[in-house]
Amino acid sequence: MWREGFVTGGQTRFFVRALGHGDDVILLLHGWPETGDVWRRVAPPLAELGYRVVCPDLKGFGRSDAPSGGYDPQTLADDIASLIRNLHARNAVVVGHDWGGAVALATAFRHPGRVRSLVMIDSPYRKLDLRAAWHIPLFNVPVLPELAFKVAPRALVGAALRAGSRSDEAFADEHIDDYAEAVAAHPRSWLAYYRQLSRRAVLDGAKRALRRRQKRGGARPSGP
């Protein structure tokens, strides 16, 4: 039977859903525009294998806290590491989809002792391909995304989910309604993932490209 409640991680109060019991914890981190409820079909088979499966709403999503700041990779990683500790677990298998994968990766790098193993699903890693993720620049535009998701969250969320799905029936109407309600509540908070994490990824990519260019420019031919 599912158990629901709030667990603190860092300065954030996370709304969590849990299934199963035991010391072996699997932490499932969702992406945009979802909540922890997206794992409702994934969690039961894992619980049957003997795991305690925990599905939080990420900071800024659903019923978890949505503060105005604290969406940088370091703070997000610290929050998740603290959440694992407050679940009375030494460490956890951390699975992340979309932005949940980026948060999971940051947690693994910053708190390796808390992440027993890491699984990333369709997540930004090393660089962002803006040809496929064309919505990211749009989400970095000031003010307009907040207004759009306040005015027409159902239409935007439904279009986004169905555009990225192989089947039009992948998401039931009631689930789209729930996700739309969740993203409409605090759009400025979840937009911080795109505005802080994506900018950090672009900046890191630019730094790597600059270092490669400097190395090529600094090479000298050998020989007499």
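# Helix packing and salt bridges in a predicted model

The axes of α6 and α7 come within 9 Å of each other and cross at roughly 120°. That angle makes α6 oblique to α7, and the crossing is right-handed. The model is a predicted one. It holds 11 salt bridges, including one between Asp177 and Arg154, a pair that links α7 to α6.

**The α6/α7 contact**

- On the α6 side, the residues in contact are Pro153, Arg154, Val157, Gly158, Leu161 and Arg162.
- On the α7 side, they are Asp173, Ile176, Asp177, Tyr179, Ala180, Val183 and Ala184.
- Sorted by class, the contact of α6 with α7 has 8 nonpolar, 1 polar and 4 charged residues.
- Asp177 and Arg154 form a salt bridge in which the closest N and O atoms are 2.4 Å apart.
- Asp177 has 38% relative accessibility and Arg154 has 31%, so both fall in the partly exposed class, between the cut-offs of 20% and 50%.
- Salt bridges with shared partners connect Arg154, Arg162, Asp173 and Asp177 into one network.

**Leu161 in α6**

- Leu161 belongs to helix α6 and is one of the residues through which α6 meets α7.
- Its relative accessible area is 7%, which means that Leu161 is buried.
- With neighbours within four places in sequence left aside, Leu161 is in contact with Pro33, Glu34, Phe171, Ile176 and Tyr179.
- Of these, Ile176 and Tyr179 are also listed on the α7 side of the helix contact.
- Pro33 lies 128 residues from Leu161 along the chain, and the C-alpha atoms of the two are separated by 8.1 Å.

**The α5/α6 contact**

- Helix α5 (residues 144-151) and α6 have axes that come within 5 Å and cross at roughly 100°.
- The two helices are therefore roughly perpendicular, a class that covers angles from 65 to 115 degrees.
- Ala148, Phe149, Lys150 and Val151 of α5 make the contact with Pro153, Leu156 and Val157 of α6.
- By class, the contact of α5 with α6 has 6 nonpolar, no polar and 1 charged residues.
- Pro153 and Val157 of α6 also take part in the contact with α7.

**The α2/α3 contact**

- α2 and helix α3 (residues 99-110) pack at an angle of about 80°, and their axes are 8 Å apart.
- At that angle α2 and α3 are roughly perpendicular to each other.
- From α2, the contact draws on Pro73, Gln74, Leu76, Ala77, Asp78, Ile80 and Ala81.
- From α3, it draws on Val103, Ala106, Thr107 and Arg110.
- The class count for the contact of α2 with α3 is 7 nonpolar, 2 polar and 2 charged residues.

**Other salt bridges**

- The side chains of Arg17 and Asp57 form a salt bridge with an N to O distance of 2.7 Å.
- Arg17 is in strand β2 (residues 12-19), whereas Asp57 is in the loop between β4 (52-56) and α2 (73-86); the pair links distant parts of the chain, 40 residues apart.
- Arg17 counts as buried at 8% relative accessibility, and Asp57 is buried with a relative accessible area of 1%.
- Asp37 forms a salt bridge with Arg40, and their closest N and O atoms are 3.2 Å apart.
- Asp37 is partly exposed with a relative accessible area of 24%, and Arg40 is partly exposed with 23%.

**Gly5 in β1**

- Gly5 is located in strand β1 (residues 3-9).
- Not counting residues up to four places away in sequence, Gly5 touches Phe14, Phe15 and Val16.
- The C-alpha atoms of Gly5 and Arg63 are separated by 10.0 Å, and the two residues are 58 residues apart along the chain.

Methods:
Residues are numbered from 1 along each chain as its sequence is written. This is a predicted model: local features need pLDDT of at least 70, side-chain atom pairs count only at pLDDT 80 or more; totals for chains, interfaces and linings use all residues. Side-chain values use heavy atoms; hydrogens and water are left out. A salt bridge is a side-chain nitrogen of Lys or Arg within 4 Å of a carboxyl oxygen of Asp or Glu. Helices (H or I, at least four residues) and strands (E, at least two) are DSSP runs, numbered from the N terminus. Buried means under 20% relative accessible area, exposed over 50%, partly exposed in between (1.4 Å probe, protein chains only). Axes are lines fitted to C-alpha atoms, for helices over the stretch in contact, and angles run from 0 to 180 degrees between N-to-C directions. Angles under 35 degrees count as roughly parallel, over 145 as roughly antiparallel, 65 to 115 as roughly perpendicular and the rest as oblique. A crossing is left-handed if the near helix is turned anticlockwise from the far one by less than a right angle, and right-handed if clockwise. Contact means heavy atoms within 4.5 Å. Ala, Val, Leu, Ile, Met, Phe, Trp, Tyr, Cys and Pro count as nonpolar, Asp, Glu, Lys and Arg as charged, and the others, Gly among them, as polar.
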